[in-house]
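Trainee: I have a structure open and would like to go through it with you. Can we start with the side chains and then move to the sheet?
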Amino acid sequence: MKKELLFMLVFASILTEASTLSVYQDKALYQYHPQNTFIGLTRDIGAKCEGEAIPLSVMMSCPDSMRLCMDLFLKAESLQTSVRENALNTKLLDTFVKLPKPNSINAKETIGAAREIAKEQTRLQEQKRILTRKSQQIKARFAKETRSRMPLGFAKPCKGSAELSLPYGYITFQTAYEATLLSHGQIEVSQKLSIVNRSGIDIEAGKAHFHYRNATQYVRPIHFKPWIVQEGPEFRQKSMSKRMLAESKAAGDTINAAIAPAPIQAHYDESREYTIKELKLPSTGEPVSVPVMTWRVPVECHAELYAYRNTNAYEVCSFTPKFQIEQNQWKVKNERGVINDHTVGEYEKALYKLYIKNDEDIAVIRKPVVDKEKESGIFGGNIRKKDGYTLSITNKSDKPKTLKVIERIPVPNTDKIEVKLLSVTGNTYKQLKNGKIEMHLSLAPHEHKEIEVLFEISYDKDLKIVY
């Protein structure tokens, strides 16, 4: 008996190792050795046996040894039986109550019978309430975990290797990032895969591969064509119209064809490609989190302020990633706990910037400093108008702050208008392209700084300007 059990365990282990799961952005492929004809509580899938298409059929029953059968389908069937029994018993009791009453009534027997009928009616009503609640719960489970309420299986046994093709959305995954800000100017980045199975098929794969690309890609070859110049504008216009129409249709066809509707560790194969060994992925609709890797790099954190947009400063941390960052939603924490569980990040050239949180310790007030009407004057045929603003910045905390301030002056879109930066007082600055002004401030605890920016706009007196 022990030898038989050991053999079965070894055999099952060999079959699991031989199974593979490949998840793409448009489909998933599951290869395994089926032990029976049951596939799962699913639909709209394709199947092959030893490379040949095999028909599928809806089953009226399924093996009670399978989790989905025992824990979902058979429970649902038993529940439906109880619901039908409750309805029949309620109907029979109502019929009995409506039967003709005897002419002579024994008060004691009548009262006793009425009491028993009332108890039974109460019991049936309570039972119906409980069964209704259970039916709603199991209905919600079907919607979350499976694609069908009925079992699907092979129309005939598959003796060899089977391959199932699952449509988009049956098995999905995404990369999740978590950053921990450490002391001594370090950041620790942890990458995980979050995998969700709603296929209605319990997956066990010796190797599972996850790809951030489509399995089916349509690439249309492009061949060189000379650019012809011809006589006659009318002919050329028609020719261009036909050519552009043909190219537009070809491009549209290409685009339309290309778009298609746990102690385990994920291995980082290359950018946007991962492998997981010994993956158990039951169809529960719940995300399975699998760690990929963790790495540390130096980080610089400071506050940034785009005062012309709003007066809220926010904390930004910048670092050079060791590996490509594949999505921009983060959870950020430090050694004391979570800072922000929904942080946004982005690349800025080679750096990656995490926008951590609003800095409530920095108070900013921005005000205009020049009355536009009084400061206007005509010199020759031009009007020169002075304008500007002040920034009042206060560090309310008892810790020093470094703040990067981004401001701007207007930029003309015509040679008839000229804009000149007159002065920036109160702090050093850099004047960059497109009217951008960059300043770096160091604020001691409770320190207050005033910055004034003045500029001049020169334009023809017959023009009206808006900015």
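Trainee: Is Tyr 177 buried or exposed?
Mentor: This is a predicted model. In it, Tyr 177 has 4% relative accessibility, so Tyr 177 counts as buried.

Trainee: Which ring pairs with Tyr 177, and how far apart are the centres?
Mentor: The search of the whole structure gives 12 aromatic pairs. In one of them, the ring centres of Tyr 177 and Trp 330 are 4.8 Å apart; the planes are at 25°, so this pair is stacked. Trp 330 counts as buried because its relative accessibility is 2%.

Trainee: What about Phe 319 and Tyr 352?
Mentor: Those two rings make a tilted pair, with 5.8 Å from centre to centre and 50° between the planes. Phe 319 is in strand 16 and Tyr 352 in strand 19, 33 residues apart, and the pair links distant parts of the chain. Both residues are buried.

Trainee: Which residues form the aromatic cluster?
Mentor: Tyr 177, Trp 295, Phe 319, Phe 323, Trp 330, Tyr 347 and Tyr 352 form one cluster.

Trainee: New topic. What does the side chain of Glu 178 make a polar contact with?
Mentor: The side chain of Lys 333, at 3.0 Å. Glu 178 lies in strand 9 and is buried, at 17% relative accessible area. Glu 178 also touches other residues, including Trp 330.

Trainee: And the sheet, how many strands form it?
Mentor: An open sheet is formed by 8 strands, in the order 5-4-8-2-1-11-13-12, with mixed pairing. Strands 5 and 12 stand at the edges with a single partner strand each, so one side of each has no neighbour in the sheet.

Terms used. Residues numbered from 1 in each chain as written. Predicted model: local features only at pLDDT ≥ 70, side-chain atom pairs only at ≥ 80, totals over all residues. Heavy atoms only, no water. Pairing = 2+ DSSP bridges. Helix = DSSP H or I, 4+ residues; strand = E, 2+ residues; numbered from the N terminus. Buried < 20%, exposed > 50% of the residue type's maximum accessible area, 1.4 Å probe, protein only. Polar contact = N/O pair within 3.5 Å; in protein donor to acceptor, adjacent residues only side chain to side chain. Contact = heavy atoms within 4.5 Å. Phe/Tyr/Trp six-rings, centres within 6.5 Å; stacked < 30°, edge-to-face > 60°. Lists of a residue's contacts leave out its neighbours within four places in sequence.
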